Protein chains: 2
Amino acid sequence: MFDIKNEVLEAEKRIRSHVRETPLDYSVALSRATKTNVFLKCENLQYTGAFKVRGAINKLLSLSPSQREQGVVTASSGNHGAAVAFGLTTLKISGIVFVPEYVSPTKVDNIQNYNVSLEIYGADWIQTENHAIEYAKQHNMIYVSPYNDLQVISGQGTIGLELTNQLEPIDVILVPIGGGGLISGIAGYLKSVSSKTKIIGCLPENSPVMAESIKSGRIIDMETLPTLSDATAGGIEPGSITFEICQKFVDHYILVSEEEIKNAIISLIKTQHLLIEGASGVALAALMKNAQQFQGKNVVVILSGANISLETLKMILG
Amino acid sequence: MFDIKNEVLEAEKRIRSHVRETPLDYSVALSRATKTNVFLKCENLQYTGAFKVRGAINKLLSLSPSQREQGVVTASSGNHGAAVAFGLTTLKISGIVFVPEYVSPTKVDNIQNYNVSLEIYGADWIQTENHAIEYAKQHNMIYVSPYNDLQVISGQGTIGLELTNQLEPIDVILVPIGGGGLISGIAGYLKSVSSKTKIIGCLPENSPVMAESIKSGRIIDMETLPTLSDATAGGIEPGSITFEICQKFVDHYILVSEEEIKNAIISLIKTQHLLIEGASGVALAALMKNAQQFQGKNVVVILSGANISLETLKMILG
């Protein structure tokens with residue numbers, strides 16, 4: 001198994017000047033409502049509006065000079081694309097970001113803030129990802145996976161390191177899961193330094209691929225439905241290293257409905273005056289639904305990103 | 001005249017452990033749209049969701065032990081009340097917050113997050129303020145003005161100090177004005193250390209009391225209309241020291257319409273995925289309306305607070 005703790009410590013040194021130490025906000029109102037001590041890890045306030053910049057910049061900084069010359073290809077439902085674009089612009093590397101057809105316009109805008117080529121390909125996430133991998137091979141470029149990469153995972157794991165400096169003890173941590181890069185980094189680090197912390201993976205009922213895969217003992221290919229949590233939607237690349245990391249370190253999974261995600265987003269607007277995207281709402285909804293299990297505990301909710309589109313926000317509030 | 005620079009340096013030492021150094025975010029999208037370099041000073045991310053905590057805690061920390069014993073009275077349209085409540089709870093002082101009848105429910109909730117008495121009084125801001133002053137006298141308590149107080153002003157001025165560590169040069173700074181406490185602190189500090197910085201006061205057309213007072217050469221009592229910028233609405237206490245500070249240090253005033261405030265709030269949701277309240281929208285709207293004057297310049301926009309109610313947000317997006 002990978003030594004994630006050590007990789008995270010290396011990532012920390014590499015990326016610190018490029019990322020923001022995001023606040024861990026205690027919420028008076030949510031703590032009162034749930035009878036737990038709620039701490040919000042505000043990656044919605046990270047550069048580019050999502051945690052993804054940690055993993056992307058760690059990967060790019062790990063490339064050799066000749067790999068940098070080759071240029072970079074990635075596939076993304078939005079946030080990882082903006083993160084790679086941010087990193088490429090910062091480090092003056094050229095690259096292409098492939099996004100699926102269902103990408104939200106706000107995420108396209110986010111990517112186009114930076115100097116990078118953007119191409120739309122594939123009605124389905126796995127199509128986009130396979131196309132990007134193939135494109136990289138054909139053009140002898142470096143493919144940067146949004147989750148199936150130890151450097152990407154270790155970059156995301158720096159959130160765990162920050163948390164241990166911000167709160168003690170961390171009894172429970174709720175993390176949204178798509179491909180599993182975020183939870184792999186956080187869980188891999190935390191389980192090595194704070195073994196009592198319960199790690200809970202949070203997924204939309206409409207796209208619970210990792211939870212179902214863990215149940216089946218292997219990465220499964222399943223039909224998924226559209227979800228407010230576009231950032232965690234879709235399938236997982238066969239052979240992804242995140243699968244075995246989740247198997248080893250994630251204690252429990254919670255699935256939430258679209259209605260619950262929506263209510264979580266609204267409740268954060270009301271209590272904290274913060275905008276979050278669907279994936280963050282998944283983690284908060286998982287807490288609100290299961291608060292009884294966690295009474296009196298210090299609970300960290302990972303708000304993974306802010307990048308909700310105006311159209312989606314209107315629909316939710318409408 | 002007051003030595004604001006020195007008072008701000010004292011405030012800085014006093015309050016640093018109680019306030020957050022808020023990010024100064026460069027906005028790619030707004031910079032592109034305005035052809036200026038837009039930097040957002042995110043006091044919307046300050047504790048309690050507004051800058052007011054700086055001045056309130058500075059004032060409370062300046063009280064003598066016997067003054068603390070007397071207890072504290074304040075009047076507030078919301079944010080200052082939450083800031084005083086936060087400070088009273090932190091420092092274990094008792095107190096009462098008076099709010100006007102038109103206070104937004106979200107701001108009442110914000111105040112009630114803390115251990116403090118809240119009372120509703122007055123259809124009009126000046127009524128609420130006078131009542132609170134009278135109440136403090138009758139009960140031998142300490143009145144803490146939301147703006148007409150050198151300690152409060154100096155606390156807000158620590159924003160200016162943070163800014164000089166975050167950006168150089170600051171060509172232009174846009175600040176919302178109600179009673180004038182925020183701009184007095186920032187301008188008083190900046191003009192002493194960065195005399196070329198242009199200080200621009202931003203007000204809603206519906207409640208431009210300070211701008212009209214400056215024009216008249218004295219604090220005037222005028223009819224005002226409701227505005228999305230509830231935090232800057234209403235009159236100014238006769239004799240307020242903010243008047244002469246504004247006369248001396250503010251270079252220019254810009255008024256904006258309700259429609260312009262609304263569009264500024266929407267554009268920040270779209271580009272930065274941040275929620276701001278009306279007063280912050282006033283400063284951003286003033287930039288968007290006058291961008292041509294500032295082309296190529298480093299422009300700081302003070303996002304003074306986040307505390308927009310869900311109802312107002314729905315109305316704006318509806």
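**Figure 1. A cluster of aromatic rings in chain A of a predicted model.** Ring pairs join Tyr47(A), Phe86(A) and Tyr114(A) into a cluster. Rings of Phe, Tyr and Trp (for Trp, its six-membered ring) pair if their centres lie within 6.5 Å; planes under 30 degrees apart count as stacked, over 60 as edge-to-face and the rest as tilted. Over all chains, this rule gives 8 aromatic pairs. The ring centres of Phe86(A) and Tyr114(A) are 5.8 Å apart and the planes stand at 90°, so this pair is edge-to-face. Phe86(A) belongs to helix α5 of chain A and Tyr114(A) to the loop between α6 and β5 (117-120), so the pair ties together parts that are 28 residues apart in sequence. Both Phe86(A) and Tyr114(A) are buried; buried means under 20% relative accessible area, exposed over 50%, and partly exposed in between (1.4 Å probe, protein chains only). Helices (H or I, at least four residues) and strands (E, at least two) are DSSP runs, numbered from the N terminus.

**Figure 2. A stacked ring pair in chain B.** Tyr47(B) and Phe86(B) are stacked, with 6.0 Å centre to centre and 20° between the planes. Tyr47(B) sits in the loop between β2 (37-42) and α3 (53-62) of chain B, and Phe86(B) in helix α5 (residues 79-91), 39 residues apart. Tyr47(B) is partly exposed at 32% relative accessible area, whereas Phe86(B) counts as buried at 15%.

**Figure 3. Two helices of chain A side by side.** The axes of α5(A) and helix α6 (residues 105-112) are 8 Å apart, at an angle of about 10°. Axes are lines fitted to C-alpha atoms, for helices over the stretch in contact, and angles run from 0 to 180 degrees between N-to-C directions. The two helices α5(A) and α6(A) are therefore roughly parallel (angles under 35 degrees; over 145 is roughly antiparallel, 65 to 115 roughly perpendicular, the rest oblique). In contact (heavy atoms within 4.5 Å) are Asn79(A), Gly81(A), Ala82(A) and Ala85(A) of α5(A) with Lys107(A), Asn110(A) and Ile111(A) of α6(A).

Figure 4. Among the buried residues are Arg54(A), Ile57(A) and Leu61(A).

**Figure 5. Salt bridges around Glu162(A).** A salt bridge is a side-chain nitrogen of Lys or Arg within 4 Å of a carboxyl oxygen of Asp or Glu. Arg16(A) bridges to Glu162(A), with the closest N and O atoms 2.8 Å apart. Arg16(A) lies in the loop between α1 (4-15) and β1 (24-26) and Glu162(A) in helix α8 (residues 150-166), so the pair ties together parts 146 residues apart in sequence. Glu162(A) also bridges to Lys41(A), at 2.7 Å between the closest N and O atoms. Glu162(A) is buried at 2% relative accessible area, Lys41(A) is buried at 0%, and Arg16(A) is partly exposed at 24%.

**Notes.** Residues are numbered from 1 along each chain as its sequence is written, and chains are lettered from A and ligands numbered from 1 in the order in which they are written. In this predicted model, local features need pLDDT of at least 70, side-chain atom pairs count only at pLDDT 80 or more, and totals for chains, interfaces and linings use all residues; side-chain values use heavy atoms, with hydrogens and water left out.
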